[in-house]
Amino acid sequence: MIDREEGFRRLKTLQWVVLAIFGLLAGRVAYIQLIDARYKELARSNVMRREVQYPPRGEVFDRHGRYLAQNRECYDLMVVYRETDKRGFDTARLCNIAGLSPERLRRKLSDARLSPRAPVLVASYVSKEDKLRFDAANFRGFYTVYRTVRHYPLNVGGNLLGYLSEASPAYLKHNPSYRAGDYVGIGGVESAYEPLLRGRKGVRILERDTHGAIKGSYMEGVYDTLPEPGRHLVSTIDARLQLLGEELMRGKVGAAVAIEPSTGEILMMVSSPTYDPEELVGRDRGNNYMRMLGNKRRPMFNRAVKGKYPPGSTFKLVQGLIGLQEGVLRPSDLHPCRLGYTLGRLHVGCHPHPSPIDLSYAISTSCNAYFCYVFRDILENPKRGGVKSGFDLWRDYVLSFGFGRRLGSDFLDEGSGYVPDREFYDKRYRGAWNALTVLSLSIGQGELGCTPLQMANLAAIIANRGYYYIPHIVRSIGGRDSLDARFYEKHYTKVDPRHFETIVQGMWRGVHVDGTSRAAYLEGYDVCGKTGTAQNPRGRDHSTFLTFAPKDRPRIALSVYVENGGFGAAAALPIASLLEELYLTDTIRRPELVQRIKNMSIQYPVYDR
């Protein structure tokens with residue numbers, strides 16, 4: 001009896017085990033059929049091939065409709081290893097058509113063997129002519145995908161335009177909408193407007209027969225999607241001005257930026273040395289990139305928006321405006337200058353000129369001593385309760401001019417420059433400092449660091465008598481003025497507009513009467529200018545010049561900065577003057593000056609920049 005009951009229990013257990021196994025198998029089959037799409041995709045892949053259709057990238061024009069970045073037709077050569085002819089094919093012919101070495105082809109086929117069903121890139125930048133030769137050869141498993149690559153008809157604006165590069169693994173990780181083999185904009189306009197320029201990819205589904213040969217579009221293309229072209233951009237750049245700027249800055253290190261004061265549009269942005277953007281297109285781009293990366297003068301570094309320079313004497317304009325607003329300075333106030341400012345062992349040198357002088361002449365002749373007095377009066381103003389409180393107030397004024405922070409332009413990698421704060425000096429001097437300790441700030445030296453874009457923006461602020469529009473480099477997108485609203489807003493400084501006329505008059509006097517900027521005179525135009533010579537601990541002083549014209553209803557504001565260029569009037573001023581001349585008169589009346597600037601020899605110290 002016991003044996004029969006034990007056998008019955010074992011039979012029941014076995015039945016439950018069998019039912020459980022069948023249940024698991026049924027569940028797995030149901031999962032595969034209803035939920036898991038992998039096997040369905042594998043089955044589909046046996047009869048279908050999905051080909052990505054890349055959209056043409058949006059092109060970039062200058063403000064007058066000239067091409068800055070244009071598209072050129074080319075192709076990617078792809079391979080699906082599973083579909084290749086296993087009996088072999090004419091590798092020498094394929095290499096000849098695609099411009100490949102046999103070693104590279106073997107390496108790519110080896111990579112493709114690891115994922116035999118997935119398309120693998122074999123060669124990029126295949127020309128239309130080579131594509132037609134390839135089609136005629138009919139290599140099984142190989143096919144071409146239409147792409148566009150950049151072409152730069154004017155060969156200018158390497159740093160301001162940026163370039164295209166294959167998306168890196170790190171970029172793919174943070175941008176899941178991109179896939180391996182996609183191109184992405186790096187730097188400049190290409191990066192800032194990437195989402196608009198790239199467009200949207202399409203897909204073409206092809207049907208294969210049992211032998212793997214392509215029969216045509218699957219379901220007559222009903223499931224295909226067309227690529228959506230990227231939107232074209234009209235930039236604010238004047239191509240002629242950009243060309244001349246790069247020509248004049250060739251062989252020099254520095255930057256030049258021009259802005260239209262009434263809009264904030266960037267008319268020209270030169271970073272020198274620069275590079276020909278065509279060098280980063282095609283199969284030699286990798287070699288060219290590494291060569292430029294090893295260049296100590298860093299041609300791929302956009303000094304115009306990321307460089308940090310002492311502004312030198314151009315910063316005296318800001319000191320004068322703050323002094324006027326704070327009531328510690330009147331235009332008629334006289335200060336002495338005996339070859340500089342001296343107090344005890346402290347001495348800030350200056351060049352010979354009459355003394356004492358008023359504010360207008362101090363700007364015109366770029367007197368160092370005058371602005372040492374002004375700066376001390378701002379910080380030591382009794383109404384502000386001490387030097388440190390006065391310094392905090394001074395810094396707030398400086399920040400309102402756009403220094404020490406990003407302006408918010410449409411350059412994603414814009415630098416902020418540097419304006420030291422109270423905490424910086426408290427830490428450096430353990431709290432024991434006064435106006436004399438930081439006196440170098442009065443003439444734009446010391447710890448001050450400004451980008452050339454910020455300095456050009458200062459010229460625009462003075463031209464506008466107290467306000468600016470955020471500088472930007474794109475005028476319209478896809479034929480529409482659809483820029484961010486922030487580019488249409490006026491940003492005011494903390495100085496009343498009425499105080500700017502005295503500063504403007506000093507700049508005009510410096511060009512037209514008796515100042516350091518007389519070489520910037522342009523007949524028929526009221527040019528206003530201010531030279532700057534920035535001290536440099538590593539070699540010859542830097543040369544800088546800030547200007548706008550005409551004096552009333554200004555059309556252009558400009559800043560030029562030449563490293564190791566010497567006096568402001570020596571290198572930066574003539575470059576700025578020629579650029580102003582071209583923009584205002586549509587011609588160059590001084591070709592001999594152009595030649596002199598081209599032949600200018602500047603000795604640069606040897607060090608890593």
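Modeller: Leaving aside residues up to four places away in sequence, Thr 144 touches Tyr 75, Asp 76, Leu 77, Lys 131, Phe 134 and Asp 135; contact means heavy atoms within 4.5 Å. This is a predicted model, in which local features need pLDDT of at least 70 and side-chain atom pairs count only at pLDDT 80 or more, while totals for chains, interfaces and linings use all residues. Residues are numbered from 1 along each chain as its sequence is written, and side-chain values use heavy atoms, with hydrogens and water left out.

Thr 144 belongs to strand 5, residues 142–151. Helices (H or I, at least four residues) and strands (E, at least two) are DSSP runs numbered from the N terminus. Thr 144 has a relative accessible area of 15% and is therefore buried (under 20%; exposed is over 50%, partly exposed in between, with a 1.4 Å probe and protein chains only).

Elsewhere, five strands make an open, antiparallel sheet in the order 12-11-20-19-18; two strands pair if DSSP finds at least two bridges between them. Strand 12 (265–272) and strand 18 (528–534) each have a single partner, so one side of each lacks a neighbour in the sheet. Neighbouring strands are turned by 5° against each other on average, direction ignored. Axes are lines fitted to C-alpha atoms, for helices over the stretch in contact, with angles from 0 to 180 degrees between N-to-C directions.

Strand 11 (residues 254–260) and strand 20 (residues 556–562) run antiparallel and are joined by six bridges. Within strand 20, Ala 557 stands opposite Ile 259. Helix 20 (residues 572–585) packs on the sheet, and its direction makes about 150° with that of strand 20.
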